[in-house]
Amino acid sequence: MSEHIKEHLDIGKARIVEAPVGKTGETRHQVEVNRTFELPTALFGVTVGCYFAFLGIMLAAFSSPGLVIPMAIFAVFIIAGFGVPAIWTRLTPGTNSKPKSMRAFKREGIMTHTGRLAPRDAAIQMLILPVLIVLWGLAAVTIAALV
């Protein structure tokens, strides 16, 4: 629960101090923010590639002048959906957080809320939906070609 600090100040239990200063003179933040999720950039690239592969399959199979604008909108959404978070990871000034290299990812895996996750399992969890979407697109095209 939150409490009013004025009462603590009045009875002497709390004191006001200056913000901590880092070695270079700027205000030091207590929490290091890591927005990369400890995943290598290559996994995000494969995810984006799968989404664009799905769009390519659909565009090739069902090409029509009426689908150009919706496909362009989908492409913009995919670019924005991954581009904005990529920019977001670099927003915190002075942070040392960077995505793990593929070598470090293969060696260490990632830490989750429930414990360390092996690299193979993390990659499977991350890529299962994009791969299933590509397979779904191939199935839809196959069904449309056979019917």
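Modeller: Rings of Phe, Tyr and Trp count as a pair if their centres lie within 6.5 Å. This is a predicted model, and a search of the whole structure turns up two aromatic pairs.

Colleague: What makes the pair of Tyr51 and Phe82 tilted?

Modeller: The ring centres of Tyr51 and Phe82 are 6.0 Å apart and the planes sit at 45°. Stacked needs planes under 30 degrees apart and edge-to-face needs over 60, so with 45° this pair is tilted.

Colleague: And how do you know that this pair ties together separate parts of the sequence?

Modeller: Tyr51 belongs to helix H2 and Phe82 to helix H3, so the parts being tied are 31 residues apart in sequence.

Colleague: Why is Phe82 called partly exposed?

Modeller: Its relative accessible area is 28%. Buried would need under 20% and exposed over 50%, so Phe82 ends up partly exposed.

Colleague: On to the other pair. Why is Phe54 with Trp136 called stacked?

Modeller: The planes of Phe54 and Trp136 are 10° apart, with 5.7 Å centre to centre. Under 30 degrees counts as stacked, and that settles the label for Phe54 and Trp136. The pair also links distant parts of the chain, with Phe54 in helix H2 and Trp136 in helix H5, 82 residues apart.

Colleague: Are Phe54 and Trp136 buried or exposed, and how do you know?

Modeller: Phe54 has 18% relative accessibility, so with the cut-off at under 20% it counts as buried. Trp136 has 58%, so with the cut-off at over 50% it counts as exposed.

Colleague: What makes H2 and H3 roughly antiparallel?

Modeller: The two helices pack at an angle of about 175°, with axes 11 Å apart. Anything over 145 counts as roughly antiparallel, so H2 and H3 get that name. Where they meet, H2 brings residues including Phe44, Val48, Phe52 and Leu59, while H3 brings Phe74, Ile78 and Ile79, among others.

Colleague: Thr47 in H2 is one of the residues meeting H3. Why is Thr47 called buried?

Modeller: Thr47 is at 5% relative accessibility, and buried means under 20%, so Thr47 counts as buried. Leaving out neighbours within four places in sequence, Thr47 is in contact with Phe82, Met126, Leu127 and Pro130.

Colleague: Which residues make up the largest nonpolar core?

Modeller: There are 11 residues in that core, among them Val48, Tyr51, Phe54, Ile57, Met71, Ala75 and Val134. Helices H2 (41-61) and H3 (68-88) each supply at least two residues of this core. The largest share, seven residues, comes from H2. In soluble globular proteins, nonpolar side chains tend to be buried together.

Colleague: What does Ala75 touch?

Modeller: Not counting residues up to four places away in sequence, Ala75 touches Phe52 and Leu55.

Colleague: How many helices and strands does the protein have?

Modeller: Five helices and two strands, in the order α-α-α-α-β-β-α along the sequence.

Colleague: What share of the residues counts as buried, and what share of the accessible surface belongs to carbon and sulfur atoms?

Modeller: Of the 147 residues, 21% count as buried. The accessible surface comes to about 11,300 Å², and 67% of that belongs to carbon and sulfur atoms. As for contacts between residues at least 6 apart in sequence, 66% join residues at least 24 apart.

Notes
Residues numbered from 1 in each chain as written. Predicted model: local features only at pLDDT ≥ 70, side-chain atom pairs only at ≥ 80, totals over all residues. Heavy atoms only, no water. Core = buried A, V, L, I, M, F, W, Y, C linked by side-chain atoms within 4.5 Å. Buried < 20%, exposed > 50% of the residue type's maximum accessible area, 1.4 Å probe, protein only. Helix = DSSP H or I, 4+ residues; strand = E, 2+ residues; numbered from the N terminus. Contact = heavy atoms within 4.5 Å. Areas by Shrake-Rupley, 256 points an atom, 1.4 Å probe, with all protein chains shown as cover. Axes fitted to C-alpha atoms, helices over the stretch in contact; angles between N-to-C directions. Parallel < 35°, antiparallel > 145°, perpendicular 65-115°, else oblique.
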